[in-house]
Amino acid sequence: MIGARSMTFTPFDPLEWKSTRVSDAALSSLKREIENILSSYVGWYDPFCELIQNALDAVEARMDAEAASGTAANYEPIVSIYVDLKENLLSVTDNGIGLDKEKFEQFLAPNFSFKSGNTRGHKGVGATYVAYGFNYMRVSTRVPGFEASGRIVGARNWLRSSPTGSNPKVEPDDSAHHNDAYTKVDRGVSVTVRFDDSTHPKRLDWIGAKTAETWLKILSVKTGLGAIHCNSRVRVDVTVRDATGAESSISQLGTKYLWLYESAPKVLRARDGIKEQARVFTKHGPGKKLADRFNNLHFVYDTWDAAELIELLGTALDVEERALIDVHKPVVSVEFGYTARLWHAFNESLGLRAGYRVLTSGIQLAANNMPQGEPIQVPLNRNIGRQNQVHFLIHFESYTPDMGRKGFHRELTDLAKSIARAITENHLSKLRGLLKANTGVAPDLARQIAINDWKKDMMSHESAAPLTLRSPHFFKPTERVSITSAPTREQDVIALFHQFVAGGVIRGISVMSTNERFTYDGLFRVSFDLSKDLYLYDLEANPLGVSPIVANSLQGKITEPMVLEYKFSLDGLVEDVDAQEKNLKDIDLCVVWETGSAFTERYGITTLLIPENVDQRQFHGVTHVLTDPESGARLCDLIVLQELIASLNSPGTTAETQRTKYE
């Protein structure tokens, strides 16, 4: 820990660097200049953006200096962000290049900057905004030969006072820092601002974010932590103190923009999908389905640099747009999700105030290696709803938005819209069929009422006459089944399935009832009430398991009753559906011995007995999914016992057999 050191400066007026003689007229002019700067900052996250971008610039400058001196290996760049919801303040500390005495006394003056055009901000307005946009700002610096810590108080109120008011000064402050990160740096800067009713924002707890993990996600979308050109060496520490005084912390190595596809189960790079479509078309002609690894995707994503954009969009760009691309070298990234609810679900997962959205579909513009401003809508000419399924990040090089955060020039905004529209309509639309289906028509009302009544009756019976058997002496594994020959009829299928459930081969299914008088065979629940490890997929120990995402999201939960159907062959179910005796929309799980062949004329089957499709397994034991061949929509889950047994006995051989049969 670096010890405390004495202050080495006398109180100073930051505005003296703008004029050696501050008359009333000059002071009024300076006030107007500062007010104009402050009025350009209208975003809720602007204080975060300014402090974080300054910290990142400082550590990157030191990285360059350490590299030049041959000491890069000894330096770990760190940016520490402290959000205090109880005290309503924000503190950002870095172990970067630091401020010497001259810069310490100059950098708060308007339009005075030490930065070059390669940094995130270099117009000299950010520090002025931080100093005069708030009524409390503290800045501390430590460099070889100089250390100081000072605060400026009441600057925001001073701007609104009469011209005769005395200028606020930066005065020495040797009090303890709100966050102890600064005490641990060998050199660097720490800046703290406090919010009140005259600032924007007024209260940091307004959005409802209470934990460090949540704040890190937000700041990776809204500030320079969401770097377009990632820096994998910078360590980011976030600490949040909530209203009760409890603290939470999280660390992340690297700065990068938050993309939903990076945590999704099944994704594909757009160019790879287009290439595979072309290959299959050339080899098999139209209508040939791509292999399973290219289907039922959560996201399609990609990134193009300026040269690739020109090649990709071709004649979709006019002469002026090509010229702008040549000057500003845009880098375009996109994620195309199967449903707009993916972004809605992310926002809900943050637990923020009702209706508040951090990440949305649309076009997020960026410059100076950071997102800037709010997203704008993709102006599609056709398939309008698809604009809610794409999120673009378009970064312009060699460009800085207008002073503060007023925005991008109209020509660049129009270019971004044109690029996003052309990519969506001309390229991403070709890959729509590879995404998971987001379709479904509500079943017939009368039939649904009958099914719901059946479920209610069975739930009442379950409650009135529960069946339990608990003893440490039973359910001992014998590592074999008591049925000695392959099933020949539906009753054998039922018996074998129930033995698999009781023996733990299939885990988590609870059969509520069977019913020979109703349309369907029975009801069941799926329970995730045992240890999570029992449900997790493992190629050797638990090949019928689910992915960690499914296990984590359903841990401890028990589903409502679902419809179960038994058949010797899937052909029997196809015949029932064709005869309109049963409806696939009602059936959640069908257990069969074999698939038969009738399904091939009207349905598709996705096998889950290959490792790359495990993420599609909704609960333990499911082996296949019956799908709509046109849309890829899930119709019902299947447990095909014959193929389940083959997979357990010989997983490697069966996987290849499954790929050959179903792909």
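At 9% relative accessibility, Glu 643 falls under the 20% limit and is therefore classed as buried. In this predicted model, Glu 643 is located in helix H16, which spans residues 641-649. Beyond its neighbours within four places in sequence, the contacts of Glu 643 comprise Thr 595, Leu 609, His 624, Thr 654, Gln 658, Lys 661 and Tyr 662.

Helix H16 packs with helix H17 (residues 651-662) at an angle of about 140°, the axes being 6 Å apart. The two helices are therefore oblique to each other. On the H16 side, the contact is made by Glu 643, Ala 646, Ser 647, Leu 648 and Asn 649, and on the H17 side by Pro 651, Thr 654, Gln 658, Lys 661 and Tyr 662. By class, four residues of this contact are nonpolar, four are polar and two are charged.

The chain as a whole contains 17 helices and 21 strands. Of its 663 residues, 51% are buried. Among contacts with a sequence separation of 6 or more, 72% link residues 24 or more positions apart. The accessible surface of the chain amounts to about 30800 Å², with 51% of that area belonging to carbon and sulfur atoms.

Lys 582 is situated between helix H15 (570-578) and strand S18 (589-594). The relative accessibility of Lys 582 is 13%, and the residue therefore counts as buried. Apart from neighbours within four places in sequence, Lys 582 is in contact with Thr 519, Tyr 520, Asp 521, Glu 565, Lys 567, Asp 576 and Val 577. Two of these partners, Asp 576 and Val 577, are also among the buried residues of H15, together with Leu 570, Asp 571, Leu 573 and Val 574. The cover over the buried residues of H15 includes strands S17 (562-569), S18, S19 (604-607), S20 (624-627) and S21 (634-640). After H15 comes Gln 580, which has a positive phi near 60°.

An open sheet is formed by six strands in the order S9-S10-S11-S14-S12-S13, with mixed pairing. Strand S13 is joined to strand S12 (residues 362-367) by two bridges in an antiparallel arrangement. Within this pair, Ala 366 is opposite Pro 371 of S13. Helix H7 (residues 270-284) packs on the sheet and touches S9 and S10, and the direction of H7 makes about 80° with that of S9.

Within the sheet, strand S11 (residues 331-337) has seven of its seven residues buried and is therefore largely enclosed by the rest of the structure. In a regular strand, side chains alternate between the two faces of the sheet. In S11, Val 331, Ser 333, Glu 335 and Gly 337 point one way, whereas Val 332, Val 334 and Phe 336 point the other way, and all are buried. Strand S10 (residues 299-304) and S11 run antiparallel and are joined by six bridges. Across this pairing, Tyr 301 stands opposite Glu 335 of S11. Strand S11 is likewise connected by six bridges to strand S14 (residues 390-396), also in the antiparallel sense. Here Val 332 has Ile 394 of S14 as its bridge partner.

A further helix pair involves H9 and H11. The packing of two helices is described by the angle between their axes and the distance between the axes. For helix H9 (residues 319-328) and helix H11 (residues 410-426), the axes come within 11 Å and cross at roughly 105°. H9 and H11 are therefore roughly perpendicular to each other. The contact brings Glu 321, Leu 324, Ile 325 and His 328 of H9 against Glu 411, Leu 412, Leu 415, Ser 418 and Ile 419 of H11. By class, five residues of this contact are nonpolar, two are polar and two are charged.

Methods:
Residues numbered from 1 in each chain as written. Predicted model: local features only at pLDDT ≥ 70, side-chain atom pairs only at ≥ 80, totals over all residues. Heavy atoms only, no water. Axes fitted to C-alpha atoms, helices over the stretch in contact; angles between N-to-C directions. Helix = DSSP H or I, 4+ residues; strand = E, 2+ residues; numbered from the N terminus. Parallel < 35°, antiparallel > 145°, perpendicular 65-115°, else oblique. Contact = heavy atoms within 4.5 Å. Nonpolar A, V, L, I, M, F, W, Y, C, P; charged D, E, K, R; others polar. Buried < 20%, exposed > 50% of the residue type's maximum accessible area, 1.4 Å probe, protein only. Areas by Shrake-Rupley, 256 points an atom, 1.4 Å probe, with all protein chains shown as cover. Pairing = 2+ DSSP bridges.
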